[in-house]
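This report goes through a few local features of one protein model. Please keep the sequence and the 3D view open while reading.

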Amino acid sequence: MKFEHLLSPMKVGNKVYRNRIVSAPMAFGLIVQNPEAREFTYRKLESGAAGGNGCVIVGETDVNFKDAVRIPGFRPFDFAKPEEDMETFNAVAEYAKRIKRHGAIALAELVHCGKEKVPFGPDQEAIGPVECVNSAGVHVRAMNKDDMDRIANDFAVAATYMQKCGFDGILVHGGHGFIFTQYLSPLMNTRTDEYGGSLENRAKFPLQIIKAIREAVGPDFLFELRIDGTDHQPGGITPEETGQFVQWAEPYLTSVHVTCGIYEESVKSGTESSMFHPHGLNIEQAAIVKKYTKLPVGAVGGINSPEMCEEAIASGKIDFAILGRQMLADPQFANKCIAGEEKYIRRCLRCYKCFPGSPEEGYDDLPFTSEELALYVGHCTINPLAHLPFDPDALPDAKKSAKVLVIGGGPAGMQAAISACDRGHKVTLVEKGDKLGGLLYFTDVDIDKPDLRNFKNVLVAEVERRDIDVRFHTEATPEFVKEFGADAVIIATGSVPSCPPIKGIEHAHQAMEVYDGTIEPGKKVVMIGGGLVGCETGLFLQKTGHEVTVVEMLDRIANESFGMYREALVWEMEKCNVASMAKTKCLEIEPDGVTVENADGVQKIPADTVLFALGMKSVNYDALKEAAGDAEVFVIGDAIKPGKVDQATRSAYLAAVDIAK
């Protein structure tokens, strides 16, 4: 067996995990109070269990509705009296039922966010170890002994609630700057009483919670703890201190999940790592914690390959791997490892499509309210089945096996061909070039996009292993389409760069030309256009030895992005010293530079090479659509409008399932 260690069973408490693959907490546990959210949320959690995982964890459930809940919109109830709200109880219990029926261990995550609380009503407040003002500008009251006793009891009662719901155990979120970290970190906990100062004092309240839970649930219920190996803050918690704390807590726990970072600096501290963080960024911290305990220790964070999991377990650094966003990208991860089909795993891009950040974290540019975000969480750029409003396994068969013509071999065309073939149709994919991939060809060169390159290669491999007739060097002219006589035509002709009417544009090159070898940029590069393409290409050039200045007319660069991804990109550009000029208009491009105008007046920026990234436009497909005649016609991907990969994959899948419906 190739992944001998990863796929071996593991004893945790009195249970046996069938392998070392654990699905990290997903979804907000109480979102299933909303009947409209139930089915797609259940599918999200159930898919990892059906995909072969050893354990699946339901996402955060706040232990009270006074000072713990951090997302609005949930209906308050008393965890001690489940009979008073049996609708919620039954909805939560359904998670456990669906996870366990596939042979996976089912856990529920319990959370108290402490000082990170944003009050949503008059009866709510934020409390923490010390009085302060949190990152959202909310006054935080310092907790007293009565608060601590109450909250420890809240955790215990919520744990027994989950026990009654049929879960095998609970995971307490003790990391990410929530209540455990706030007490354990000397940076956050500056109390001068018996709960501050030494690590032993700082650990008292977290240990009180842990002991209360174990006493309430008895000896046989799984009790796992997610904890920061480090909070990545100067003067914060260290892996060695975390290890010592785990040693004290060991008699009450059954395993430890090592994470990192703090909620109010999620991107920079790595709580949700970006593509600019290393993969498996918490494995080394977990290895240190593991030295202090006999409990099984796992790591979460940027892990998307079975090879990394296998090496880390085989070398003794961790006992199990915890996969979060990867379970949305490909919930069949474990089954593909078992079947020896790891080359077909869709590896998470860490693009933040599934969770772009929240207003409570200070992201004020999100196109969501907090309530909308809770319903949105779980979409995926590369998995079109993620967060569907319907059950793909319940789709009726197509009425007939149709003759399908897919025009264009980019990501949309490839996904459409794959999905249509899987639906039983006879598929022909035509591509006017000599290879598949479309605009994703740039990933073969870009140093920050290995996971997107993998996705492109997976799509190619998935096409190749199916009975799909791929025809290269074939342009789908209207005459070709008429002669082909398809039952269904899927138009995935994509988009091309726009060429703006700027004086001297003939002295510039389109940004994407740096990836295909058309040009060799000089040392000093000016990028006209600071959207995503301009910023990401500029960052690539900066990292490969050029000096880049990005010029953008709008108030900020990467404006079409938002939340965590935009923060990650801009932060990386700043770290790499990419110069950017927002609110700046390009007046003229000359052979030796660019003349621009902004609030400081008119100036010339010297350049050896000028590039532009000023938008894309869809390739006109009207003649192809007309030539299709009576065939079903579907337009997908950038042919609809220039967009991102998520639009390509989702529109492609939906078109494929609509053929001969």
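In which loop is R350 found? R350 is found in the loop between α12 (333-338) and α13 (370-376).

## Basis of the report

The model is predicted, and local features need pLDDT of at least 70, side-chain atom pairs count only at pLDDT 80 or more, while totals for chains, interfaces and linings use all residues. Residues are numbered from 1 along each chain as its sequence is written, and side-chain values use heavy atoms, with hydrogens and water left out.

Helices (H or I, at least four residues) and strands (E, at least two) are DSSP runs, numbered from the N terminus.

## Two residues with positive phi

R350 has a positive phi of about 55 degrees, although R350 is not a glycine. R350 is buried, with a relative accessible area of 3%. Buried means under 20% relative accessible area, exposed over 50%, and partly exposed in between (1.4 Å probe, protein chains only).

H176, also not a glycine, has a positive phi of about 60 degrees. H176 belongs to the loop between β9 and α4 and is buried, with a relative accessible area of 7%.

## Aromatic rings

A search of the whole structure finds 16 aromatic pairs. Rings of Phe, Tyr and Trp (its six-membered ring) pair if their centres lie within 6.5 Å; planes under 30 degrees apart count as stacked, over 60 as edge-to-face and the rest as tilted. In F178 and Y263 the ring centres are 5.4 Å apart and the planes stand at 45 degrees, so this pair is tilted. F178 lies in the loop between β9 (169-174) and α4 (179-184), and Y263 in the loop between β11 (255-260) and α8 (266-269), so the pair ties together parts that are 85 residues apart in sequence. Both F178 and Y263 are buried.

One aromatic cluster is formed by F65, F77, F79, F89 and Y161.

## Charges over rings

A charge sits over a ring if NZ of Lys or CZ of Arg is within 6 Å of the ring centre and within 35 degrees of the ring normal. R465 lies over the face of Y344, at 3.6 Å from the ring centre. K575 has its charged end over the ring of W571, 4.3 Å from the centre of that ring.

## A helix contact

Which residues of α14 meet α15? P411, M414, Q415 and I418 in α14 meet K456, L459, V460, E462 and V463 in α15, where contact means heavy atoms within 4.5 Å.
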